[in-house]
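Please keep the sequence and the structure open while reading.

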Amino acid sequence: MKRKERKGLIIVHTGDGKGKTTAALGIALRAVGHDLRVLIVQFIKGAWHSGEVRAAKRLSPNLQIVPMGQGFLRSEEEKHAARNRQLIRQAWEFARSHILAGSYDVIVLDEVNYVISYGLLSVEEVVHLIREKPAGLHLILTGRNAHPAVIDEADLVTEMREIKHPFKNGLMGQRGIEF
């Protein structure tokens with residue numbers, strides 16, 4: 001059987017369970033181990049100091065994580081506030097420019113599926129960019145509620161399903177595990 005040329009995959013991590021970003025980080029770590037350049041653009045996570053951002057600094061320049069959002073959005077008002085819309089648009093333009101520039105081997109659009117489902121970014125824009133990306137670029141889209149049009153474009157879709165979660169027993173997020 002003849003081996004095919006490298007094809008940049010479209011990978012979607014979605015579902016209501018934990019692990020979507022973590023799975024993307026696992027791919028990023030593996031890619032860096034093979035000397036690939038990785039960019040992770042975080043659409044919602046704000047400038048709080050997560051373990052993955054700290055670790056990325058140690059793996060720079062091969063791994064860059066850029067948090068561009070205002071932080072977790074809890075209400076409809078927060079989701080649609082003018083400041084949040086502006087930050088989402090900036091994150092989108094930043095991600096889009098890096099995707100089209102072809103300077104990375106893997107780009108993660110972290111929590112972009114939320115942004116689409118909140119109506120802050122059109123699915124048409126995302127699908128158009130997926131189709132326009134360089135052929136060798138691996139593109140990973142994370143977040144709940146992946147749009148069917150994004151799923152249709154994907155080569156690999158994984159749905160995380162919650163079975164049990166410590167938050168339901170009153171445990172707060174654990175440093176090094178949740179952030």
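The points below cover packing, a pocket, salt bridges and backbone geometry.

The model is predicted. Its largest nonpolar core holds 33 residues, and a second, separate core holds 15.

**Nonpolar cores**

- Within the largest nonpolar core, the residues that touch the most other members are Phe43, Ile107, Leu109, Val126, Leu139, Leu141 and Val150.
- Four strands are among the elements that each supply at least two residues of this core: S1 (10-14), S2 (38-42), S4 (106-110) and S5 (138-142).
- Helices H4 (82-101), H5 (112-117) and H6 (123-132) also supply at least two residues each.
- Leucine 109 touches Val41, Phe43, Trp92, Ala95, Ile99, Leu139, Ile140, Leu141 and Thr142, leaving aside residues up to four places away in sequence.
- The second core is separate, and Ala24, Ala28, Ala56 and Val108 are among its 15 residues.
- In soluble globular proteins, nonpolar side chains tend to be buried together.

**Second largest pocket**

- The second largest pocket contains about 170 Å³ of space.
- Its lining is made up of Leu9, Ile11, Ile27, Arg30, Ala31, Leu36, Val106, His138, Ile140 and Leu156.
- By class, eight of these lining residues are nonpolar, one is polar and one is charged.
- Helix H1 (20-33) and strand S5 each supply at least two residues of the lining, and H1 gives the most, with three.

**Salt bridges around lysine 45**

- Lysine 45 forms a salt bridge with aspartate 110, with the closest N and O atoms 2.8 Å apart.
- This pair links distant parts of the chain, since lysine 45 is in the loop between S2 and helix H2 (51-59) and aspartate 110 is in strand S4, 65 residues apart.
- Lysine 45 also pairs with glutamate 111, where the closest N and O atoms are 3.3 Å apart.
- Glutamate 111 lies in the loop between S4 and H5 and lysine 45 in the loop between S2 and H2, so this bridge ties together parts that are 66 residues apart in sequence.
- Lysine 45 counts as buried because its relative accessibility is 8%, under the 20% cut-off.
- Aspartate 110 is buried too, and glutamate 111 is buried at a relative accessible area of 6%.

- Glutamate 93 and arginine 89 form a salt bridge whose closest N and O atoms are 3.2 Å apart.
- Both residues lie in helix H4, four residues apart, about one turn of the helix.
- Glutamate 93 is partly exposed at 38% relative accessibility, and arginine 89 is partly exposed at 32%.

**Backbone geometry**

- The peptide bond from serine 60 to proline 61 is cis, with omega near 10 degrees.
- Proline 61 sits in the loop between H2 and strand S3 (63-67).
- Aspartate 35 is not a glycine, yet it has a positive phi of about 60 degrees.
- Aspartate 35 lies in the loop between H1 and S2 and counts as exposed because its relative accessible area is 63%, over the 50% cut-off.
- Glutamate 111, the bridge partner of lysine 45, also has a positive phi, near 70 degrees, although glutamate 111 is a residue other than glycine.

Key
Residues numbered from 1 in each chain as written. Predicted model: local features only at pLDDT ≥ 70, side-chain atom pairs only at ≥ 80, totals over all residues. Heavy atoms only, no water. Core = buried A, V, L, I, M, F, W, Y, C linked by side-chain atoms within 4.5 Å. Buried < 20%, exposed > 50% of the residue type's maximum accessible area, 1.4 Å probe, protein only. Contact = heavy atoms within 4.5 Å. 1 Å grid on protein atoms, 1.4 Å probe; cavity = no way out; pocket = protein on both sides within 12 Å on 5 of 7 lines; lining within 4 Å. Points joined across faces, edges and corners; volume = space filled by probe spheres on them. Nonpolar A, V, L, I, M, F, W, Y, C, P; charged D, E, K, R; others polar. Salt bridge = Lys/Arg side-chain N within 4 Å of Asp/Glu carboxyl O.
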